[in-house]
Amino acid sequence: MKAQTIVPVKVYAGAFAGLIALAALTTGLAYVHMEIWNTVAALTIAVAKMLLVILFFMHLRYDRGMTRIVIIAGLLWLTILIVLTASDVFTRSWSPIPSGWGPAISVQQKQ
Amino acid sequence: MPPVRRSALGPEMTATETRPRALEEQFESLDAQHDARKLGMWIFLATEVMFFGGLFMTYTIYRELYLPGFEQGSHLLEVRWGALNTGVLILSSLTMALAVRSAQVAARRFITIGLLGITMLLGTAFLAIKFLLEWRHDYAQHLVPGINFAYAGPYAAHVQLFFCFYFFMTALHALHLIIGIGILAVLAFLTWRGRFSDQYYSPLEVAALYWHFVDIVWIFLFPLLYLIGGR
């Protein structure tokens, strides 16, 4: 039997240290006022943390093709879900608003 | 059939057959079985991405539509508890990975069981912080939609919508964590019974994939609910 990869403890410890550092960074950056860049920074750091978890804790770094195909397929469908839905909502101003709620804020600004 | 006796070949081998006991008949080798099980879990996780993805997307769209209300709601959450829970879950992912590794390198059973136990404890600590500190605080502040929501500021309806998302998403995540803790309890029991070895540990590996995925969901929930847009 071909042995599965055994990842050195050092690699796990490194990934853990990276994740903790990024968590501290994202929390700290939230208190720095940077307008839209607050959101960009928070999401970029979240993606970086996800990659650390997937590559090292979930062993993607040591895996073969099939796992990658499944991950890419999952993220691709998620992208389709978000992009198509968001493009409808934000280009057509058709989302129903409950009475008494007033118009949605960003729609109001656009009109 | 004569009773099957354990041989000196290890816990997964029997005297009457050369195939490992844990090897199901449709697989040629434990390695192929291991890969198939991992792939199955990855496919399940891809469906989970869509499951949570729908919520993340809906949250993002309503946040965009009702931005001031959602920002006010976000500012009513306590960042320190969200950040603490992030650390707790990341640490639990480390101990989970080390638990799998301890089986891979044929460490003594109590080490694997101990690491699984620590992982379960950290998961429970996350839930305790979430339920007993955060949610209780939210309840005391009258921020629970459908139960005692009584926010008086402007955009109150939009703030209420934010809290609907907040409670539903964190509850769904907590449910995943509770299921994960249950799975780890079963695996700790099976480890104690000697069911795993350095040749056969795929249930541990597959459970670890699930556990790390639940960690990733929180990695996105934390900034989306507590941080984005700044404090």
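This is a predicted model: local features need pLDDT of at least 70, side-chain atom pairs count only at pLDDT 80 or more; totals for chains, interfaces and linings use all residues.
**View 1. Chain A is built from four helices and zero strands.**
Followed along its sequence, chain A shows the pattern α-α-α-α. Of its 111 residues, 23% count as buried.

**View 2. Helices α1 and α2 of chain A pack against each other in a left-handed crossing.**
The axes of α1(A), which covers residues 9-29, and α2(A), which covers residues 36-57, come within 10 Å and cross at roughly 170°. Angles over 145 degrees count as roughly antiparallel, and α1(A) is therefore roughly antiparallel to α2(A). On the side of α1(A), the residues that take part are A:V11, A:Y12, A:A15, A:G18, A:L19, A:L22, A:L25, A:T26 and A:L29, and in α2(A) they meet A:N38, A:A41, A:A42, A:I45, A:A48, A:K49, A:L52, A:F56 and A:F57. Sorted by class, this contact of α1(A) with α2(A) contains 14 nonpolar residues, three polar residues and one charged residue.

**View 3. Chain A and chain B touch through 45 residues of chain B and 45 residues of chain A.**
On the side of chain B that touches chain A, at least two residues each are supplied by α1 (30-65), α2 (67-75), α3 (79-104) and α6 (202-227) of chain B. The largest share of that side, 15 residues, comes from α1(B). When the residues on the side of chain B that touches chain A are divided by class, 28 are nonpolar, 12 are polar and five are charged.

**View 4. One face of helix α2 of chain B is lined by buried residues.**
The buried residues in α2(B) are B:G69, B:F70, B:G73 and B:S74. Looking down the axis of α2(B), one finds these buried residues within an arc of 135°, so they line one face of the helix. The partners against which the buried residues of α2(B) pack are α1, α5 and α6 of chain B.

**View 5. Helices α4 and α5 of chain B cross in a left-handed manner.**
Helix α4(B), residues 109-140, and α5(B) have axes that come within 9 Å and cross at roughly 160°, which makes α4(B) roughly antiparallel to α5(B). Among the residues of α4(B) that take part in the meeting of the two helices are B:R109, B:I113, B:L116, B:M120, B:F126, B:L127 and B:K130, while those of α5(B) include B:T170, B:L177, B:I181, B:L184, B:L187 and B:W192. By class, 13 nonpolar, eight polar and two charged residues make up the contact of α4(B) with α5(B).

**View 6. Helices α5 and α6 of chain B also make a left-handed crossing.**
Helix α5(B), residues 156-192, packs with α6(B) at an angle of about 160°, and the two axes are 10 Å apart. The helices α5(B) and α6(B) are therefore roughly antiparallel to each other. From α5(B) the contact draws on residues including B:Y166, B:M169, B:H173, B:H176, B:I183 and B:L187, and from α6(B) on residues including B:P203, B:Y210, B:W211, B:V214, B:W218 and B:L225. The contact of α5(B) with α6(B) holds 16 nonpolar and four polar residues, but no charged residues.

**View 7. B:A106 has a positive phi, although it is not a glycine.**
As background, most residues other than glycine have a negative phi. The phi of B:A106 is about 55°, and this residue is placed in the loop between α3 and α4 of chain B. With 14 other C-beta atoms within 10 Å, B:A106 is partly exposed.

**View 8. B:Y155, a residue other than glycine, also has a positive phi.**
Its phi value is near 60°, and B:Y155 lies in the loop between α4 and α5 of chain B. A residue counts as buried if 20 or more other C-beta atoms lie within 10 Å of its own, and B:Y155, which has 21 such atoms within 10 Å, is therefore buried.

How values were computed:
Residues are numbered from 1 along each chain as its sequence is written. Chains are lettered from A and ligands numbered from 1 in the order in which they are written. Two residues are in contact if their C-beta atoms, placed from the backbone, lie within 7 Å. Ala, Val, Leu, Ile, Met, Phe, Trp, Tyr, Cys and Pro count as nonpolar, Asp, Glu, Lys and Arg as charged, and the others, Gly among them, as polar. Axes are lines fitted to C-alpha atoms, for helices over the stretch in contact, and angles run from 0 to 180 degrees between N-to-C directions. Angles under 35 degrees count as roughly parallel, over 145 as roughly antiparallel, 65 to 115 as roughly perpendicular and the rest as oblique. A crossing is left-handed if the near helix is turned anticlockwise from the far one by less than a right angle, and right-handed if clockwise. A residue is buried if 20 or more other C-beta atoms lie within 10 Å of its own, exposed if 12 or fewer, and partly exposed in between; C-beta atoms are placed from the backbone. The arc is that of the directions from the helix axis to the C-beta atoms.
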